[in-house]
Amino acid sequence: MSYPYQITSMDQYEMAYRVSVTNPEEYWASVAQHFSWRKKWEKVLEWNFKEPNVKWFQGAKLNITENCLDRHLGEKGDQPAIIWEPNDPSENSRILTYKKLHQRVCQFAQVLRNNGVKKGDRVCIYMGMIPELAIAVLATARIGAIHSVIFGGFSAQSIADRLEDAQATFIVTCDGAFRGGKDIPLKSVIDDALIGNKTIKRVIVYTRTRTAVSMIKGRDVWWEDEMLKVTEGPGNPVNVVAEVMDAEDPLFILYTSGSTGKPKGVVHSCAGYMIWTTYTFVNVFQYNPGDIHFCTADIGWITGHSYIVYGPLSAGATSLMFEGIPTWPDAGRFWDIVDKHKVNILYTAPTAIRSLMGFGLDPLKGKNLSSLKILGTVGEPINEEAWHWYDEHIGKKKCPIVDTWWQTETGGVLISNLAGVTPAKPSWATLPMPGVQPILVDENGREVTQKDEDGLLKGNLCIKAPWPSILRTTYGDHERCRKNYFATYENLYFTGDGALKDDNGFYRITGRVDDVLNVSGHRIGTAEVENALNMHAGVVESAVVGYPHNIKGQGIYAYVIFSGNKKDEELTRKDILSTVSRVIGPIAKPDKIQFVNGLPKTRSGKIMRRILRKIAEGETENLGDISTLLDPGVVEEIKNGKL
Ligand code: WT7
């Protein structure tokens, strides 16, 4: 059977959903016909969540870059694949057509090979948002190596940990990156990360900011020099034949925070990830040929992997990539870009919307946003106020808004309305994608069936069966993957989120129910921040919780027991913040640090975060039962010292 690949009506959605659940193998085999394979599969799906073991399209052979590039060369060779907008509006934008991008990717793939990169090697990519980042990602995939992109905001220490965990042997980086008014010295951070590193053989450095960098003989080479070695002139383009990959071969590792101290290397595989990102891209955003898609995320996060690079390119779309930030040189930057490049689809985070809302309507004056057809949000729950502002002032009430819920581990969107096809509801992600079977459970893993006073079901969000791009493992530690996602509730994938469900079957994601914070749409584990705080010489112990923050969604509130002499409290705070910056990166810096003499603990020594969370949220009365505390007195003290 063949089913419509692009769903264009509610009836079609319902039909697709029904088939995808009752006969997933038939449904996904039908979807898979829309891709180019070196060899077709023998078995569509094999799975259990016990180990877990999930295999899609076993026996199939492919290379994702042939789907993202080669297959478009005939019809779309001269169509822009990537439109790049620089940080500084006075610099020229760049357009890479499918032909050009294919050529560059082949060229850099050859550079990687010349430098000794082989199939299965781990290549760490630490770059700013320039086309060469996408080129490096695709070139790595083309030769069957595994990329691990690290966001430019992570510290040398974080990079070192990730290099070690992934046993990476190659790095691709830049001298520096431009972000707003700042010039971030990426290569120098890499140099710090490499002190004591024993696995890295080669660092390839692209020149972006012309910052002085130290190039170590035998280890560091320039991107430009290496590219010249494989350029044979206009009439003789390099064509690097893609490595033939098994469907289940790993495509990339992406590190993400969890409730324990150490980030996990989420592993995605070639075929399933390709199918899901492409299928969801086309359906959620209702992409039509010629549309210009602008996803404002950084490729250092999963959103950029899936909806700037792989999804759009595999769908033959035009993907706009922006180097800078929404508020520089002024808060009209996004709207200038929409106007200049005639953007049709805008996909951004609620935190960006809230921050731009704060500048009022002036930055919108004189900006022509009439090219916009579809708007999207991702990364955190969107509050109704931000939703309506987006709808009214950006979409002018004529653009459907998709609220897309998903995670690094899910590879692509799992719950979202389909733009203009299925209904939207402000602050609700609404309906599951075909193939996604959500279930709400209570603490004991029993399905929630009792509605609350608002007539809604409320519980922990789990998924009952695998979709093609579910994570396959956490790198180097499969047991960790099992424990983290598949052991809380038997035979279910646990998302870590809480959710509500209404009578229409719509879902509203309410936020994390574990010790993970969502700060400006970025995941940060409280344990990770605590570890970093505790590394400061004067810090004895700390406890970190989230609190509601107008722009970031959640802010980081740290309670710190300090033993040293804090002659100057403000300076001590700064010292502690700079420690966190060094250990994790500036994104993990607490917004508030309260010095305390003790933390509320149970008699068994467990910190009662529930109480700390309530105090950070400004609650003083209903702190719940504190009689089990070892020393109930500390609660009073903490309440009185609240910042
Ligand atoms: C967590 C995943 C998905 C790419 C960006 C973040 C939260 C994500 C939504 C949404 C409410 C959302 C969840 C999730 N989240 N999208 N539309 N509504 N919450 O990826 O860093 O892996 O974080 O972000 O809490 O678990 P991530």
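Okay, let's start in a loop: Arg 210 sits between β11 (202–206) and β12 (220–222). Those labels come from DSSP runs numbered from the N terminus, with helices being H or I runs of at least four residues and strands being E runs of at least two. Arg 210 isn't a glycine, yet its phi is positive, about 60 degrees.

Quick housekeeping. This is a predicted model, where local features need pLDDT of at least 70 and side-chain atom pairs count only at pLDDT 80 or more, while totals for chains, interfaces and linings use all residues. Residues are numbered from 1 along each chain as its sequence is written, and side-chain values use heavy atoms, with hydrogens and water left out.

Most residues other than glycine have a negative phi, and most peptide bonds are trans. Here, the bond from Glu 51 to Pro 52 is cis, with omega near -5 degrees, and Pro 52 is in the loop between β1 (43–48) and β2 (53–58). The bond from Trp 328 to Pro 329 is cis too, with omega near 0 degrees; that proline is in the loop between β17 (318–322) and α12 (333–341).

Now the ligand. Which residues come closest to the ligand? They are Asp 403, Thr 404, Thr 408, Asp 497 and Arg 523, out of 17 that surround it; to count as near, a residue needs a heavy atom within 4 Å. That shell splits into 6 nonpolar, 6 polar and 5 charged residues. In this scheme Ala, Val, Leu, Ile, Met, Phe, Trp, Tyr, Cys and Pro are nonpolar, Asp, Glu, Lys and Arg are charged, and the others, Gly among them, are polar.

The protein covers 96% of the 550 Å² of accessible area the ligand has on its own, by the Shrake-Rupley method with a 1.4 Å probe. The elements giving two or more residues to the shell are α11 (302–314), β20 (401–404) and β25 (507–512).

And β25 takes us to a sheet: it's open, with 4 strands in the order β21-β22-β24-β25, paired antiparallel. Pairing takes at least two DSSP bridges between strands. β21 (438–441) and β25 stand at the edges with a single partner strand each, so one side of each has no neighbour in the sheet. Antiparallel β21 and β22 (457–463) are joined by 4 bridges, and Ile 439 has Cys 462 in β22 as its bridge partner.
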